[in-house]
Amino acid sequence: MKTLVKTLLLASALAASTAFAQVKVENAWVRATVPNQQATGAFLNITSDKDARLVGASSSLLPNVEIHEMAMENDVMKMRQVQSIDLPAGKTVELKPGGHHIMFMGLTEQVKEGGAVPLTLEIENSDGSKESIEIQAQVRALASGGKGHGQAHSHGGHGSRDNGAHKR
Ligand SMILES: [Cu+2]
């Protein structure tokens, strides 16, 4: 009986200490917009020490925040909303142009280079508990960060074989 009680106590202590993941966010930035541009993306590197998921994002400054992914559809890069991004334990997950990103839509104000956007990331732990992480994303110029957001990509490769439909 004594052993059982001890085991239960130990189990609950472990549960309490392991419920919340330690989540590290690095290099968070938002792409600056030009006047009247209505959407832009935020990009960052995120690492959780335990299996978790990024399930939401919001900002006190900008409305309509969604999590998006980019995917090839008929040779055209398209983006779509996803419910979550997996954060496997210890792995740095990159949200970057051309991949997963946080999307701001319905912008009514220009997002200017040199500013910062507060961002709240919602993390769901493997036991279903949630925690929020507050970060500041630096606003960077359009040119930084490589590939454009929502740009179509044309694949080269003329002169190889006709009939060479891409399969992925
Ligand atoms: Cu998007």
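## Residue E66

At 22% relative accessibility, E66 counts as partly exposed, because that class lies between buried, which is under 20%, and exposed, which is over 50%. The model described here is a predicted one. E66 belongs to strand β4, which covers residues 65-73.

Leaving aside residues up to four places away in sequence, E66 is in contact with Q81, H101, I102, M103 and M105. The C-alpha atom of E66 is 8.6 Å from that of Q83, a residue 17 places apart from E66 along the chain.

## Overall architecture

The chain contains one helix and ten strands.

Of the contacts between residues at least 6 apart in sequence, 69% connect residues that are at least 24 apart. The chain has 168 residues, and 35% of them are buried. Its accessible surface amounts to about 10,500 Å², and carbon and sulfur atoms account for 50% of this area.

## The nonpolar core

In soluble globular proteins, nonpolar side chains tend to be buried together. In this model, the largest nonpolar core is made up of 31 residues. Within that core, the residues with the most contacts are L44, I46, I102, F104 and L121.

L44 has contacts with V25, E26, N27, A28, V93, E94, L95, I102, L119, L121 and I135, when residues up to four places away in sequence are not counted. Two of these partners, I102 and L121, are also listed among the core residues with the most contacts.

## Two asparagines with positive phi

N27, a contact partner of L44, is located in strand β1, residues 23-31. Although N27 is not a glycine, its phi is positive, at about 55°. The relative accessible area of N27 is 44%, so this residue is classed as partly exposed.

N36 is situated in the loop between β1 and β2, the latter strand spanning residues 40-48. N36 likewise is not a glycine and has a positive phi, of about 70°. With a relative accessibility of 76%, N36 is exposed, because the cut-off for that class is over 50%.

## The largest pocket

Rolling a probe the size of a water molecule over the atoms shows where empty space is left. The largest pocket has a volume of about 180 Å³. It is lined by 13 residues, of which L61, L62, E109, Q110 and V111 are the closest to its centre. By class, the lining consists of eight nonpolar, three polar and two charged residues.

Notes
Residues numbered from 1 in each chain as written. Predicted model: local features only at pLDDT ≥ 70, side-chain atom pairs only at ≥ 80, totals over all residues. Heavy atoms only, no water. 1 Å grid on protein atoms, 1.4 Å probe; cavity = no way out; pocket = protein on both sides within 12 Å on 5 of 7 lines; lining within 4 Å. Points joined across faces, edges and corners; volume = space filled by probe spheres on them. Nonpolar A, V, L, I, M, F, W, Y, C, P; charged D, E, K, R; others polar. Helix = DSSP H or I, 4+ residues; strand = E, 2+ residues; numbered from the N terminus. Buried < 20%, exposed > 50% of the residue type's maximum accessible area, 1.4 Å probe, protein only. Contact = heavy atoms within 4.5 Å. Areas by Shrake-Rupley, 256 points an atom, 1.4 Å probe, with all protein chains shown as cover. Core = buried A, V, L, I, M, F, W, Y, C linked by side-chain atoms within 4.5 Å.
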